[in-house]
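Colleague: I have the model open on my screen and would like to go through it with you. Could we take it piece by piece?

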Protein chains: 2
Amino acid sequence: MTEAEIIQRFFKAPAQALADPDVLLGIGDDAALIQIEDGQQLVVSSDSMVIDRHFVAQTPAYDLGYKLVSVNVSDMAAMAATPRWLTLNLSLNDVDEVWLKDFSAGLFAAMARYHLILVGGDMLRSTELNLGLQIIGTVSAGKALLRSNAKPGDDIYVSGSLGLAASAVATLKQERNEHAKLTAAQAAALYRPPIHIAFAQALPELCHAAMDLSDGLLLDLQRLLTASGVGAVIHCEKLPLAESVDESMALSGGEDYALLFTAPAAVASKLQALATAEGCVINCIGSICAGDELRLVRNGQSEALPSHAGFDHFS
Amino acid sequence: MTEAEIIQRFFKAPAQALADPDVLLGIGDDAALIQIEDGQQLVVSSDSMVIDRHFVAQTPAYDLGYKLVSVNVSDMAAMAATPRWLTLNLSLNDVDEVWLKDFSAGLFAAMARYHLILVGGDMLRSTELNLGLQIIGTVSAGKALLRSNAKPGDDIYVSGSLGLAASAVATLKQERNEHAKLTAAQAAALYRPPIHIAFAQALPELCHAAMDLSDGLLLDLQRLLTASGVGAVIHCEKLPLAESVDESMALSGGEDYALLFTAPAAVASKLQALATAEGCVINCIGSICAGDELRLVRNGQSEALPSHAGFDHFS
């Protein structure tokens with residue numbers, strides 16, 4: 001197959017199911033062409049996945065496609081933006097039609113869930129499978145939610161429950177990457193984390209700061225604290241642990257793709273009402289304070305941070 | 001080094017030398033935030049490079065950074081767009097500070113030449129070096145130049161001279177990838193192809209269709225003909241061959257990153273005047289005709305197309 005044939009067979013939107021009048025020109029020319037409205041800002045991000053680093057070779061291709069979209073949508077939610085358009089950089093070591101069919105099906109299923117359009121990209125030959133995805137969203141001018149604006153006194157919230165995706169990774173490690181050993185809940189948490197776009201888009205009215213959880217609560221929260229120039233106290237007993245999950249998975253496991261956000265205590269009941277209305281579970285797990293320290297507290301007693309705080313690809 | 005340290009040391013713009021008031025938020029949050037003006041369309045593209053496929057391991061890192069930007073800018077020129085913002089997906093197999101310093105210097109040098117801002121991206125560990133770059137540009141509504149609008153009777157033009165980059169690739173192959181064996185002109189053609197943005201931006205007033213030449217004139221022209229539903233005649237004696245370059249390099253060598261465009265014969269002198277004003281050499285190499293055939297003509301005689309027409313990563 002030529003590159004054009006691969007694109008035609010696997011990466012053209014199914015029957016333009018998601019026609020977006022703003023996409024004036026999609027896949028096929030030197031670039032895609034997108035109409036943009038007045039008063040809108042673009043939100044641009046990119047999150048990629050490499051075999052043997054972010055996923056094992058045994059991962060079902062459908063799940064890979066679905067997750068690749070989800071992790072990028074998660075960055076848009078963390079900015080309170082509307083995810084809109086994708087470009088794909090697909091580095092393949094061979095042309096396996098079954099794999100391409102499943103991967104593109106997962107990609108398009110997640111795209112349908114989040115109302116996204118694939119507008120272009122690049123296809124490459126490589127030794128290892130490398131899945132690059134870029135996402136462009138929009139947000140009304142002045143409404144983006146940054147990680148650098150947390151204020152002392154803010155409550156700290158997370159969406160969903162934590163640790164189940166990391167427990168799935170641990171199960172795969174124990175079970176020689178046999179995906180059949182995952183529970184349905186583990187597979188869903190690892191490959192199809194629910195991103196609550198509508199909830200996230202309403203947050204700028206109530207919240208000060210937000211980011212998404214990808215590398216573990218402690219590491220990601222530390223990044224938010226550094227960006228905001230503040231400290232925090234986390235109450236271990238308030239962590240929303242997923243069922244049968246160790247606390248360490250919730251603190252440092254990563255792969256949650258949940259929302260981490262901070263808001264003044266005064267809006268707590270409004271936040272809970274909003275979450276309920278949008279079908280999203282949120283929990284307050286601590287608070288922002290002055291200084292630059294991240295402290296763990298259990299039943300009123302300070303506790304040492306675990307030595308392994310989370311995942312950095314380079315440290 | 002952590003990912004944050006690598007970004008801080010090598011990928012923050014040098015002293016914000018290229019401050020762009022439209023970049024409201026750059027590297028460091030979940031996504032970048034970009035202001036967009038009314039009446040503008042976004043132009044989005046992506047072109048990546050993988051070791052041993054697009055470049056050899058011996059390639060100087062500076063040249064890689066420079067070329068990675070150039071090939072993406074070339075797609076913007078082919079749409080008559082203004083290149084604006086980049087995201088980088090950098091998959092590294094180790095953290096070599098000298099390599100990172102040189103690569104980022106080349107990247108930023110090309111960005112300075114074309115007035116671009118790096119707004120975000122992703123950094124990954126991988127076995128092989130995989131350089132993903134995405135570019136976002138803008139164009140006034142209705143002004144983008146597509147490859148699908150060539151008309152019978154149009155003249156076919158190329159910018160610059162052809163074949164020198166392909167001859168550089170051939171030299172490297174003969175000389176065991178010893179870059180010192182390249183002439184200065186070969187190295188410039190392969191790694192720093194000049195992209196004539198201002199010239200390209202003026203083309204929509206005069207031209208019908210355009211694309212950039214990356215995989216070889218015959219293969220790329222065939223794509224333009226297919227997209228436009230037309231045929232073409234190319235006159236071999238009119239090909240602007242670079243010095244000491246075989247005609248086959250110009251027809252099928254690839255890597256030129258020149259502009260291929262079509263325009264009615266009536267604007268020929270205006271086009272030449274524009275090219276001269278912008279310091280760009282252009283040559284008419286043939287014409288568009290009805291039908292779907294691509295024909296080569298030499299001194300009035302039809303000639304068979306070469307069997308190897310150009311480069312497709314997957315065919």
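**Strands, chains and domains**

Modeller: Let us begin with strand 10 of chain B, residues 231-235, in this predicted model. Ala232(B) and Ile234(B) form its covered face, while Gly231(B), Val233(B) and His235(B) make up the uncovered one.

Colleague: Which way do strand 10 and strand 12 of chain B run, parallel or antiparallel?

Modeller: Strand 10 of chain B and strand 12 of chain B (residues 282-289) run antiparallel and are joined by four bridges. In this pairing, Val233(B) stands opposite Ser287(B) of strand 12.

Colleague: And how many bridges join strand 10 to strand 13 of chain B?

Modeller: Four bridges join them, and here the strands run parallel. Strand 13 of chain B covers residues 294-298, and its Val297(B) has His235(B) opposite.

Colleague: I also noticed Thr262(B). Where is it found?

Modeller: Thr262(B) belongs to strand 11 of chain B, residues 258-263.

Colleague: With which residues is Thr262(B) in contact, leaving aside its neighbours within four places in sequence?

Modeller: Thr262(B) is in contact with Ala150(B), Asp154(B), Asp155(B) and Ile156(B), and also with Cys207(B), His208(B), Ala209(B) and Ile288(B). As for Pro193(B), 69 residues away along the chain, its C-alpha is separated from that of Thr262(B) by 21 Å.

Colleague: Changing topic: how is chain A related to chain B? What rotation superposes chain A on chain B?

Modeller: A rotation of 180° does so, with 0.0 Å of shift along its axis and an RMSD of 0.0 Å. That is the relation of a two-fold axis.

Colleague: Which C-alpha of chain A is nearest the axis?

Modeller: That of Asp38(A), which is 2.5 Å from the axis. Both copies use the same surface, since 100% of the contact residues of chain A recur in chain B.

Colleague: How many residues of chain A are in contact with chain B?

Modeller: There are 61, and they meet 61 residues of chain B. On the side of chain A that touches chain B, 28 residues are nonpolar, 20 are polar and 13 are charged.

Colleague: Which strand of chain B pairs with strand 3 of chain A?

Modeller: Strand 2 of chain B (residues 32-35) pairs with strand 3 of chain A (residues 40-46), in the antiparallel sense and over four bridges.

Colleague: Now for chain A by itself. Into which domains is chain A divided?

Modeller: Domain 1 of chain A covers residues 3-140, and domain 2 covers 155-302. Their C-alpha centres lie 25 Å apart. The contact between them takes 17 residues from domain 1 of chain A and 19 residues from domain 2 of chain A.

Colleague: Which elements give two or more residues to the domain 1 side?

Modeller: They are helix 2 (61-78) and strand 5 (82-92) of chain A. Helix 2 of chain A gives the most, with 10 residues. The residues on that side of domain 1 divide into 10 nonpolar, four polar and three charged.

Colleague: Then what is the reach of helix 2 of chain A, from its first C-alpha to its last?

Modeller: Helix 2 of chain A has 18 residues and reaches 26 Å, close to the 26 Å expected at 1.5 Å a residue. Helix 2 of chain A is also mostly covered, with 16 of its 18 residues buried. Just after this helix, Ala80(A) takes a positive phi of about 65°.

Terms used: Residues are numbered from 1 along each chain as its sequence is written. Chains are lettered from A and ligands numbered from 1 in the order in which they are written. This is a predicted model: local features need pLDDT of at least 70, side-chain atom pairs count only at pLDDT 80 or more; totals for chains, interfaces and linings use all residues. Domain bounds come from an automatic or database domain assignment. Two residues are in contact if their C-beta atoms, placed from the backbone, lie within 7 Å. Ala, Val, Leu, Ile, Met, Phe, Trp, Tyr, Cys and Pro count as nonpolar, Asp, Glu, Lys and Arg as charged, and the others, Gly among them, as polar. Copies are superposed by least squares on the C-alpha atoms of residues with pLDDT of at least 70 in both. Two strands pair if DSSP finds at least two bridges between them. A residue is buried if 20 or more other C-beta atoms lie within 10 Å of its own, exposed if 12 or fewer, and partly exposed in between; C-beta atoms are placed from the backbone. The expected span of a helix is 1.5 Å times one less than its number of residues.
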